[in-house]
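Dear colleague,

I am passing on the structure below, together with notes on what a computed survey of its geometry found. Please read the notes with the coordinates open beside you.

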Amino acid sequence: MGFWDDLWRGRSADFDSGSAATNAIELTKRNHTVSLTKQGAATGHLRINLSWRMRSADIGGPQRGSLLRHPFRTFKPEVVQAHTQSMVNVDLDLGVLYELTDGTKGVVQPLGSFFGALNAPPYVRLSGDDRFGSASGETAYVNLDHRDDIKRLLVFVYIYDQTPAFDRTHAIITLYPSNGPRIEIGLDERHPQARSCAVVMIQNNKGEVSVRREVKFVYGFQAELDRLYGWGLQWGRGYKTKVER
């Protein structure tokens, strides 16, 4: 069912906190937390998707202005590619640091092929590794039917062995709960030298599962995120096998 069908039928969002147009909650610095428990979405599989598109090198971010002054700007594509604008190759990876209630800690990430498990600890599973920024991106699943076994999950993004260029990508993390609107966190802040970003914390606090926006960029890799959030894991240098397009 498309947008015009929804408009014709007068369809509205399922939750007051969601946008009527997109049925989504955008976590921002001001509105940074949402409770999955209060929305009846703390069960089933929580899908977490990372997607991104490359920006041209001299366009650091979307330029926003008054639509009254520039009425045709809304039709201008956000990503512009031209022969005079150089492009960079960036491989963004999705990862999840996990801590279970029994004290078990670890990471789910493409590097090292730590893809996790959905129906066994850590109850987090990464579907695969997208190296080229395809439309589907990278996706992780969290089994919230085992929420009592989960203490906290830190969803993060890092740039693997390429030019640090978070400012040249339009990256977004989208969470799809089992019920209610999706939750979006954009990575549009300018941190050209950052290699990693802690995006969102999923936490179980006395039975209430909440999602909190973090968006903290660091200049190192997973070890620096570990120190920032006190995970206490041991890290070493890892490499991916080469692939052809």
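Predicted model: local features only at pLDDT ≥ 70, side-chain atom pairs only at ≥ 80, totals over all residues.

Residues are numbered from 1 along each chain as its sequence is written, and side-chain values use heavy atoms, with hydrogens and water left out.

**The chain as a whole**

The chain has 2 helices and 13 strands; these are DSSP runs numbered from the N terminus, with helices (H or I) of at least four residues and strands (E) of at least two. Of the 245 residues in the chain, 43% are buried. Among contacts in the chain with a separation of 6 or more, 68% are between residues 24 or more positions apart, a contact being heavy atoms within 4.5 Å.

Valine 96 belongs to strand E4, residues 92-100. Once its neighbours within four places in sequence are left aside, valine 96 is in contact with Gly106, Val107, Val108, Val124, Ala140, Leu153, Leu154, Val155 and Phe156. Arginine 125 is 29 residues from valine 96 in sequence, and the two are 9.3 Å apart in space, C-alpha to C-alpha.

Valine 215, in strand E13, is also buried, because its relative accessible area is 7%. With neighbours within four places in sequence again left aside, its contacts are Ile185, Gly186, Leu187, Glu189, Cys197, Ala198 and Val199. The C-alpha atoms of valine 215 and valine 157 are separated by 9.8 Å, although these residues are 58 apart along the chain.

Searching the whole structure gives 1 cavity of 30 Å³ or more; on a 1 Å grid over the protein atoms alone, a cavity is a set of points where a 1.4 Å probe fits but cannot get out, and lining residues have an atom within 4 Å of a point. Grid points are joined across faces, edges and corners, and a volume is the space filled by probe spheres set on the points; for the largest cavity the volume is about 50 Å³.

Which residues line the largest cavity? The lining consists of Leu144, Arg147, Ile150, Lys151, Ile202, Gln203, Asn204 and Val209. Strand E9 (150-159) and strand E12 (196-205) each supply at least two of the lining residues, and the largest share, 3 residues, comes from E12. By class, the lining divides into 4 nonpolar, 2 polar and 2 charged residues, where Ala, Val, Leu, Ile, Met, Phe, Trp, Tyr, Cys and Pro count as nonpolar, Asp, Glu, Lys and Arg as charged, and the others, Gly among them, as polar.

Lysine 151, one of the lining residues, is placed in strand E9 and counts as partly exposed because its relative accessibility is 40%. Not counting residues up to four places away in sequence, lysine 151 touches Glu99, Leu100, Thr101, Ile202, Gln203 and Asn204. Lysine 151 and threonine 104 are 47 residues apart along the chain, with 9.7 Å between their C-alpha atoms.

**Backbone points to check**

The peptide bond from proline 121 to proline 122 is cis, with omega near 10 degrees, and proline 122 lies in the loop between strand E6 (116-117) and strand E7 (124-126). Tyrosine 123 is found in the loop between E6 and E7, where its phi is near 65 degrees, a positive value in a residue other than glycine; tyrosine 123 is buried, with a relative accessible area of 9%.

Lysine 206 likewise has a positive phi, near 55 degrees, and is placed in the loop between E12 and strand E13 (208-218). At 85% relative accessibility, lysine 206 counts as exposed.

**Charges over rings**

The charged end of arginine 47 sits over the ring of tyrosine 176, 3.9 Å from its centre, and that of arginine 152 sits over the ring of tryptophan 231, 3.7 Å from its centre. The criterion here is that NZ of Lys or CZ of Arg is within 6 Å of the ring centre and within 35 degrees of the ring normal.

With kind regards

Terms used: 1 Å grid on protein atoms, 1.4 Å probe; cavity = no way out; pocket = protein on both sides within 12 Å on 5 of 7 lines; lining within 4 Å. Buried < 20%, exposed > 50% of the residue type's maximum accessible area, 1.4 Å probe, protein only.
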